[in-house]
Amino acid sequence: MKIRAAAVEDAPALGRVMVTSWLSAHRGQMPDAAWQKRVAEWTPEVSARAWARLLHECADDREMRVVLLVADDEDGNLVALALGRAAEDDPSGLAAQLDALYVLPDRQGHGVGRWLLREAAGELASLGFARLLVGVLTANLPARAFYEAMGGREIAQRSADEEGYLLPETVYAWDDIAALGGPSAPA
């Protein structure tokens, strides 16, 4: 397994990993109508275009404080991703938020997510962030257990809009992002 910075040419694989993982993770965690709309409209190709835009923006603006890492398996196939950036509601500029951490379903449970989270935290700390936040659907018990096992502390409840439905979300924080960061390759 290898973790590296994402490149523009990864956009199709990012779209595949994101859509496959998101749909697998969130089935049953929202009203069926919202989930079915995602299935119908949010294809790997649609997601790939969004990833390509983000990667081009990052390449054009070196001052963007964005970390987008991917994990490749031993055959060079992209199997996971992590996206972190400046927290939206932090005027101090010291908090980062983890917008995405997705691992293909058949690769989960092998330490890839743990490794990606630590690497992303280390990269974000190197960009000057001191704290890390992540919001997760409250119904997503496996993700909540993962973040708690990684030392995340529940700090808030809020709502996330998914296709017009307000879904409960739990926010976790790591007050010392540097303590979370660092290499820890999967076993």
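**Close-up views of a predicted model**

**View 1. Glu162, a buried residue of a predicted model.** Glu162 has a relative accessibility of 9% and therefore counts as buried, in a model that is predicted. The residue belongs to strand 6, which covers residues 153–162. Its side chain forms a polar contact with the side chain of Arg38, at 2.7 Å. Apart from neighbours within four places in sequence, the residues in contact with Glu162 are Trp22, Met30, Ala34, Arg38 and Leu167.

**View 2. The packing of helix 1 against helix 3.** Helix 1 spans residues 11–26 and helix 3 spans residues 44–60. The two pack at an angle of about 125°, and their axes are 7 Å apart. The helices are therefore oblique to each other. Where helix 1 passes helix 3, the crossing is right-handed. From helix 1, the residues that meet helix 3 are Ala11, Pro12, Leu14, Gly15, Arg16, Met18 and Val19. Their partners in helix 3 are Pro44, Ser47, Ala48, Trp51, Ala52 and Leu55. Sorted by class, this contact holds 10 nonpolar, 2 polar and 1 charged residues.

View 3. Leaving out residues up to four places away in sequence, Ser21 touches Tyr102, Val103, Leu104 and Pro105. A polar atom of the Ser21 side chain lies 3.5 Å from the backbone nitrogen of Leu104. Trp42 is 21 residues from Ser21 in sequence, and the C-alpha atoms of the two are 12 Å apart in space.

Terms used. Residues are numbered from 1 along each chain as its sequence is written. This is a predicted model: local features need pLDDT of at least 70, side-chain atom pairs count only at pLDDT 80 or more; totals for chains, interfaces and linings use all residues. Side-chain values use heavy atoms; hydrogens and water are left out. Helices (H or I, at least four residues) and strands (E, at least two) are DSSP runs, numbered from the N terminus. Buried means under 20% relative accessible area, exposed over 50%, partly exposed in between (1.4 Å probe, protein chains only). A polar contact is a pair of N or O atoms within 3.5 Å; within protein, one must be able to donate a hydrogen and the other to accept it, and residues adjacent in sequence count only if both atoms are side-chain atoms. Contact means heavy atoms within 4.5 Å. Axes are lines fitted to C-alpha atoms, for helices over the stretch in contact, and angles run from 0 to 180 degrees between N-to-C directions. Angles under 35 degrees count as roughly parallel, over 145 as roughly antiparallel, 65 to 115 as roughly perpendicular and the rest as oblique. A crossing is left-handed if the near helix is turned anticlockwise from the far one by less than a right angle, and right-handed if clockwise. Ala, Val, Leu, Ile, Met, Phe, Trp, Tyr, Cys and Pro count as nonpolar, Asp, Glu, Lys and Arg as charged, and the others, Gly among them, as polar.
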